Amino acid sequence: PPRSARQPPKRLWRPCACKRRQNAQRAARRGPEKGEKPLTAEIIAVGTELLLGHTINTDAAHVARALSSLGIDLHHACVVGDNAARLEECLRAALQRSDLVITTGGLGPTNDDLTKETVARVLGLPLEEDADSLRRLREYFGDRPVGENQYKQAWLPRGSHAFANSVGTAPGCAAPAEGGKLVILLPGPPS
């Protein structure tokens, strides 16, 4: 047939984000394979500015959507101010009822950033300097002086896996908990 009558070449089909989201939601509704227990999660957003409504908690919405797309059941989400005792209470409750606990916020250099220290205490893990996080901090600051509070961002719970932060200075991490559970600490709160 003449060239104009031929079918255009087939383009490689790639599902749009909407279609991928629908497929993930269907998979999440199907649940785990027969006999498997679904993975449950809880989000703890840390920051007095979130609690008082000065900052909108966009991190929790983003994390909730990501968990849903992975087929992980989100059972609880809460906001706690910059208070170590209340955060510890939330963490202990979350670890009793969820396989995965994700915290957002409280990892920065200020005195009210207590998430990492509180998580380490609840898990019974000492904080240790993470060499890669320290290197990234030094690169970020270059020739500028790095204060003691900045250095504390490179200290992570023992046995955790650090996540580089391409936007700020506080790294995130995943820390192991008893019973095969996991606590993921993400920087925040959202700006």
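Me: Before anything else, what does buried mean here?
Reply: A residue is called buried when its relative accessible area is under 20%, and exposed when the area is over 50%. The model is a predicted one.

Me: Then is T103 buried or exposed?
Reply: T103 is buried, because its relative accessibility is 0%.

Me: Where is T103 found?
Reply: It sits in strand β3, which covers residues 100–104.

Me: And which residues is T103 in contact with, leaving aside its neighbours within four places in sequence?
Reply: T103 touches I44, L91, T115, I184, L185 and L186. One of these, L185, also stands opposite T103 in β8.

Me: How do β3 and β8 run, and how many bridges join them?
Reply: The two strands are parallel, with five bridges between them. Strand β8 is made of residues 182–186.

Me: What about A77, is it buried or exposed?
Reply: A77 counts as exposed because its relative accessible area is 54%. Its place is in strand β2, residues 73–80.

Me: How far apart are A77 and T103?
Reply: In sequence they are 26 residues apart, and in space 9.7 Å from C-alpha to C-alpha.

Me: OK, the sheet. What order do the strands have?
Reply: The order is β2-β1-β3-β8-β7-β6, in an open sheet of six strands with mixed pairing.

Me: Which strands stand at the edges?
Reply: Those are β2 and β6, the latter being residues 161–163. Each has a single partner strand, so one side of each has no neighbour in the sheet.

Me: How much are neighbouring strands turned against each other?
Reply: On average by 15°, with direction ignored.

Me: Back to β8. In which sense does it pair with β7?
Reply: The pairing of β7 (residues 172–176) with β8 is antiparallel, over four bridges. Within it, A174 stands opposite I184 of β8. I184 is also among the contacts of T103.

Me: What's in the hairpin of β7 and β8?
Reply: Five residues lie between the two strands, and G179 takes a positive phi near 75° there.

Me: And β6 with β7, how many bridges?
Reply: Three, again in the antiparallel sense. F163 stands opposite G172 of β7.

Me: Now helices. Which strands does α4 lie across?
Reply: Helix α4, residues 84–97, lies across β1 (40–46), β2, β3 and β8. It runs at about 170° to β1.

Me: Why is α5 called largely enclosed?
Reply: Because seven of its nine residues are buried, helix α5 (residues 115–123) is largely enclosed by the rest of the structure. The buried ones are T115, K116, T118, V119, A120, V122 and L123. T115 is one of the contacts of T103 too.

Me: What comes just after α5?
Reply: G124, which takes a positive phi of about 70°.

Me: New topic: how many aromatic pairs does the structure hold?
Reply: One. In it, the rings of Y140 and F141 have centres 5.3 Å apart and planes at 80°, so the pair is edge-to-face. Y140 is partly exposed at 45% relative accessible area, whereas F141 is buried at 11%.

Me: Last one: what is the mean pLDDT of the chain?
Reply: The mean is 86, and 80% of the residues reach 70 or more. Over residues 11–15 the pLDDT is below 50, and this stretch has three contacts in the model beyond near neighbours in sequence.

Definitions and conventions: Residues are numbered from 1 along each chain as its sequence is written. This is a predicted model: local features need pLDDT of at least 70, side-chain atom pairs count only at pLDDT 80 or more; totals for chains, interfaces and linings use all residues. Side-chain values use heavy atoms; hydrogens and water are left out. Buried means under 20% relative accessible area, exposed over 50%, partly exposed in between (1.4 Å probe, protein chains only). pLDDT is the predictor's confidence in each residue, from 0 to 100. Contact means heavy atoms within 4.5 Å. Rings of Phe, Tyr and Trp (its six-membered ring) pair if their centres lie within 6.5 Å; planes under 30 degrees apart count as stacked, over 60 as edge-to-face and the rest as tilted. Two strands pair if DSSP finds at least two bridges between them. Axes are lines fitted to C-alpha atoms, for helices over the stretch in contact, and angles run from 0 to 180 degrees between N-to-C directions.
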